[in-house]
Amino acid sequence: MQPFLDLKAINERQHKELSAAASRVITSGWYVLGEEVTAFEREFANYCGARHCVGVASGLDALTLMLRATILQGRLQPGDEIVVPANTYIATILAASSTGLVPRPVEPDANTHNLCPQNTIAAITSRTRAIIVVHLYGLAAPMGALRTIADEHGLLLFEDAAQAHGAKISGQSLGGQSTAAAFSFYPGKNLGALGDGGALITEDDEIADTVHTLRNYGSTQKYKNYYIGVNSRLDELQAALLRVKLPLLDSDNARRRAIARRYAIGINNPLVQIPEMPADELSHVWHLFVVRCRWRGELAAHLRNAGVGTLVHYPIPPHQQRAYADSPLAAFQLPLTEQLANEVLSLPISPVMSDAATDAVITAVNAFRSK
Ligand SMILES: *Cc1c(COP(=O)(O)O)cnc(C)c1O
């Protein structure tokens with residue numbers, strides 16, 4: 001049986017070190033905003049080559065607070081349009097709409113499923129003030145082209161890097177070409193905590209300061225509240241666990257790349273379209289290995305019968321969600337995004353998957369025939 005993702009096996013590798021870190025926090029008697037969070041922020045900022053890292057409670061909060069901080073700076077205003085990929089996890093869109101920005105969904109590139117620069121240009125109106133790009137499935141979006149578009153149209157550029165810890169563009173870490181980049185440490189991500197967590201990285205001192213304040217009730221000094229803040233702090237415990245896991249991130253990502261290559265060479269079923277291997281290997285950290293198939297339901301059932309777990313990322317695009325039924329989003333027709341929602345299927349991929357397990361998935365995929 002090959003589960004879609006074996007989180008237990010991933011964390012078992014470091015059971016002793018994780019236990020020791022947890023024990024250290026228990027013994028310290030300090031559980032919120034202490035040395036572990038500060039140390040993790042410094043270590044993750046160093047890993048990313050970023051000036052600042054601010055730990056928060058989730059990836060969604062990292063996205064939301066980086067937008068709120070920019071609004072507080074006066075560089076964005078509620079009512080401004082923000083270009084968002086139509087084909088993304090709902091969190092990207094929730095962050096925009098919950099801060100009063102108006103998400104303008106844009107169809108993806110048909111090959112990578114990432115934000116398409118051409119379609120981005122076409123979506124810009126006189127009210128557009130920003131773009132938020134998602135490095136979907138772990139593949140770095142075309143930041144050079146998007147940076148140029150943002151500069152030419154006077155737009156801010158933000159990154160949702162929740163699926164792309166460790167991805168590099170021409171050797172450079174994510175985050176360097178935007179106002180801020182948001183990460184999630186949800187357990188299943190490439191760098192996952194043992195609970196919820198998130199962070200943003202930025203070169204902007206003021207954004208880092210503002211998010212520091214916002215995440216802690218808008219308070220700079222105990223019982224003095226400067227902003228209408230929130231409680232969104234990365235736990236000491238999660239920070240301590242993340243510090244244990246961060247040193248494995250690069251080798252874990254390398255293992256994911258090796259599995260993706262093995263899939264790409266081995267899968268040869270004409271009914272199953274596999275993702276392109278990027279020319280720049282390091283630009284992809286393979287959070288997900290997403291194939292396309294017109295008979296997606298049949299393929300998933302066939303794989304389930306062969307003992308292979310799969311998931312769909314994502315079955316309903318944000319603009320078709322009930323949550324947005326009464327918003328302008330609902331009026332958009334996004335045929336490629338809607339088609340992808342019906343055809344995509346994520347195969348198992350993780351740092352603890354063996355070559356033999358990968359080959360078993362390949363054999364099962366290649367044996368698929370539509371009825
Ligand atoms: C996981 C994810 C998020 C949200 O992260 P949480 O920590 O679950 O809030 C945001 N955007 C994308 C693209 C994600 O995959």
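These legends accompany an overview and several close-up views of a predicted model.

**Figure 1. Overall dimensions of the protein chain.** The C-alpha trace spans about 65 × 55 × 40 Å along its principal axes. The secondary structure comprises 13 helices and 13 strands. For 371 residues, a compact globule would have a radius of gyration near 21 Å; the protein chain has 21 Å, so the two agree. Of the 371 residues, 54% count as buried. Among contacts with a separation of 6 or more, 71% come from residues 24 or more positions apart. The protein chain exposes about 16000 Å², and carbon and sulfur atoms supply 52% of that area.

**Figure 2. The largest nonpolar core.** This core has 31 residues. Those with the most contacts inside it are M66, L67, L76, I82, F158 and V211. Helices and strands both contribute: α4 (59–72), α5 (90–98) and α8 (205–214) each give two or more residues, as do β1 (52–56), β2 (81–85), β4 (128–134), β5 (156–160) and β8 (180–184). Helix α4 gives the most, with seven residues. A second, separate core has 25 residues. F40, A140, F185 and L191 are included in this second core. Nonpolar side chains tend to be buried together in soluble globular proteins.

**Figure 3. The surroundings of L76.** L76 is one of the residues with the most contacts inside the largest nonpolar core. Neighbours within four places in sequence are left aside here. What remains is a set of contacts with L67, T70, I71, L101, R129, A130, L156 and F158. Two of these partners, L67 and F158, are also listed among the residues with the most contacts inside the core.

Figure 4. Y31 sits in the loop between α2 (15–28) and α3 (35–48). The relative accessible area of Y31 is 44%, so this residue counts as partly exposed.

**Figure 5. The salt bridge between E43 and R243.** The closest N and O atoms of this pair are 2.9 Å apart. E43 belongs to helix α3, and R243 to helix α9 (residues 236–245). The pair links distant parts of the chain, 200 residues apart. Both side chains belong to partly exposed residues: E43 has a relative accessible area of 24%, and R243 has 25%. The structure holds 14 salt bridges.

**Figure 6. The salt bridge between D151 and R147.** Here the closest N and O atoms are 2.8 Å apart. D151 and R147 are four residues apart in helix α7 (residues 143–153), so about one helical turn separates them. R147 is partly exposed, with a relative accessible area of 22%.

**Figure 7. The salt bridge between E343 and R292.** The side chains meet at 3.1 Å, N to O. E343 lies in helix α12 (residues 335–343), whereas R292 lies in strand β12 (residues 289–292). The pair therefore ties together parts 51 residues apart in sequence. E343 has 10% relative accessibility and counts as buried, because the cut-off is under 20%. R292, at 12%, also counts as buried.

Note on methods. Residues are numbered from 1 along each chain as its sequence is written. This is a predicted model: local features need pLDDT of at least 70, side-chain atom pairs count only at pLDDT 80 or more; totals for chains, interfaces and linings use all residues. Side-chain values use heavy atoms; hydrogens and water are left out. A nonpolar core is a set of buried Ala, Val, Leu, Ile, Met, Phe, Trp, Tyr and Cys residues joined through side-chain atoms within 4.5 Å. Buried means under 20% relative accessible area, exposed over 50%, partly exposed in between (1.4 Å probe, protein chains only). Contact means heavy atoms within 4.5 Å. The radius of gyration is taken over C-alpha atoms; the globule rule is 2.2 Å times the number of residues to the power 0.38. Accessible areas come from the Shrake-Rupley method with a 1.4 Å probe; for residues, only the protein chains shown count as cover. A salt bridge is a side-chain nitrogen of Lys or Arg within 4 Å of a carboxyl oxygen of Asp or Glu.
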